[in-house]
There are 2 protein chains.
Amino acid sequence: MALEHAILVSLLEQPGSGYELARRFERSIGRFWTATHQQIYRVLKRMEADGWVVAEEIGQGGRPDKRCYSVAASGRAALTSWLRAPVQPEAVRHELAVKIRGAAFDDAGGRATLIAEVERYRVTHEATLRRYLTGERRDFPDTATLDVGRRLQHTVLRGGIAYERMVLDWLDDVLDTLRGLDR
Amino acid sequence: MALEHAILVSLLEQPGSGYELARRFERSIGRFWTATHQQIYRVLKRMEADGWVVAEEIGQGGRPDKRCYSVAASGRAALTSWLRAPVQPEAVRHELAVKIRGAAFDDAGGRATLIAEVERYRVTHEATLRRYLTGERRDFPDTATLDVGRRLQHTVLRGGIAYERMVLDWLDDVLDTLRGLDR
DNA sequence: TCTTGCTATGCAACGAGTTGCATAGCAAGA
DNA sequence: TCTTGCTATGCAACTCGTTGCATAGCAAGA
């Protein structure tokens, strides 16, 4: 029941179409709330029916019309009351941790495969960290002069950076452990 | 499609009933894969129908029978092939991050409420970290003499500890930022 | 020219996860 | 004695999320 709220925040930061939202979820918002375009379109429909957002039809000659959404008063009210409600505890789903414990029940060959997978996984997290750091330099060059919204965005990004650094350190630990088992 | 595999790992570490599994998911496994008892019972039924696990009925005089599950050969084979398959990228869902960015669209009163929420949230993560550290001292006192399974369990626990420490540091950062906005 | 890929939206079917409720006996404490 | 809480399992209804597919025109490069 929270994709609505992520969409409201994104639309308040910048109105846009379902397609544009889907791309933002791949980049910015999707760092901490993933969603596919099908999900976004479906939820936008419901939000429009509930009067949380309003759409402006934009014809584009030939192509399907683009529906540019922005937040209505009742959507903003819904967001406010959600913002003030208690934070729910996270539902953790960490597949890799399950696989690592499962590695006790595989043989050395299987563990070698897992080591290769962890290395690949590590590369993607390295790339994510680099992307975050590049974005930080680009979007938040001067910390002193930021408005409220930008300061909050920067704090969330710092959280992403801290997370990626922690993951990379832990993956090194995991690789050491896995390599130590069959040697 | 992955709760099955978390259950297989847990049953290989120690056979048990649906109820016992549910309690393990609250404590140990649930640190990185949450599941309710309803989900676990339903999936166990399916796994039994597929021949992945076998149940031993244990009458207990009066109470409903306890069904003690253990992993069958085909379940173990299914786990092995899953262990060797590529690790899926995590689907991140971090409600608090959405609320922090949303705080730009609330007033000082709303942000004060959020600060109180973040403080409460921080207390729960402090408690989690303490629980992990206590468990580490209890279950892994002597690192040198551990078998394969225990070493892997310890590595996963170290990941949990690193995660909680990172979260606590970040929450301090978040609190500083939020408090700085309306002062 | 042909193919690939991008913008832009959407349906249908399925699988995963949540919530509320129900049963039922035993044990411990107020 | 009465209530609360634990062990132990489960159904039904619902919402959330994923996967596969479909349309349709334009732009860029092989």
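Two residues are in contact, or touch, if their C-beta atoms, placed from the backbone, lie within 7 Å. Keep that rule handy for the views below. This is a predicted model, where local features need pLDDT of at least 70, side-chain atom pairs count only at pLDDT 80 or more, and totals for chains, interfaces and linings use all residues. Residues are numbered from 1 along each chain as its sequence is written, while chains are lettered from A and ligands numbered from 1 in the order in which they are written.

**View 1. C68(A) and the residues it touches.** Skip residues up to four places away in sequence, and C68(A) touches P15(A), G16(A), S17(A), A55(A), E56(A) and I58(A). Take I58(A): 10 residues separate it from C68(A) in sequence, and the two lie 7.1 Å apart in space, C-alpha to C-alpha. You'll find C68(A) in strand 2 (residues 63-71) of chain A. Helices (H or I, at least four residues) and strands (E, at least two) are DSSP runs, numbered from the N terminus. C68(A) counts as partly exposed because 16 other C-beta atoms lie within 10 Å. For that label, a residue is buried with 20 or more other C-beta atoms within 10 Å of its own, exposed with 12 or fewer, and partly exposed in between; C-beta atoms are placed from the backbone.

**View 2. Chain A on its own.** Chain A has seven helices and two strands, and along the sequence they run α-α-α-β-β-α-α-α-α. Its C-alpha trace spans about 65 × 40 × 40 Å along the principal axes. Of its 183 residues, 28% count as buried.

**View 3. Helix 6 of chain A, end to end.** This helix (residues 108-139) has 32 residues and reaches 46 Å from its first C-alpha to its last, close to the 46 Å expected at 1.5 Å a residue. That expected span is 1.5 Å times one less than the number of residues. Which residues of helix 6 of chain A are buried? They are R111(A), L114(A), V118(A), Y121(A) and Y132(A). Their cover includes helix 5 (95-102) and helix 7 (148-181) of chain A, together with helix 4 (73-83) of chain B.

**View 4. Where the two chains meet.** Here 59 residues of chain A are in contact with 59 residues of chain B. On the chain A side, helix 7 gives the most, with 18 residues. Sorted by class, that side of chain A has 31 nonpolar, 14 polar and 14 charged residues. The classes go like this: Ala, Val, Leu, Ile, Met, Phe, Trp, Tyr, Cys and Pro are nonpolar, Asp, Glu, Lys and Arg are charged, and the others, Gly among them, are polar. And 100% of the interface residues of chain A are also interface residues in chain B, so the copies meet through the same surface.

**View 5. I7(A) and its contacts.** Leave aside neighbours within four places in sequence, and I7(A) is in contact with L21(A), I40(A), V43(A), L44(A) and M47(A).
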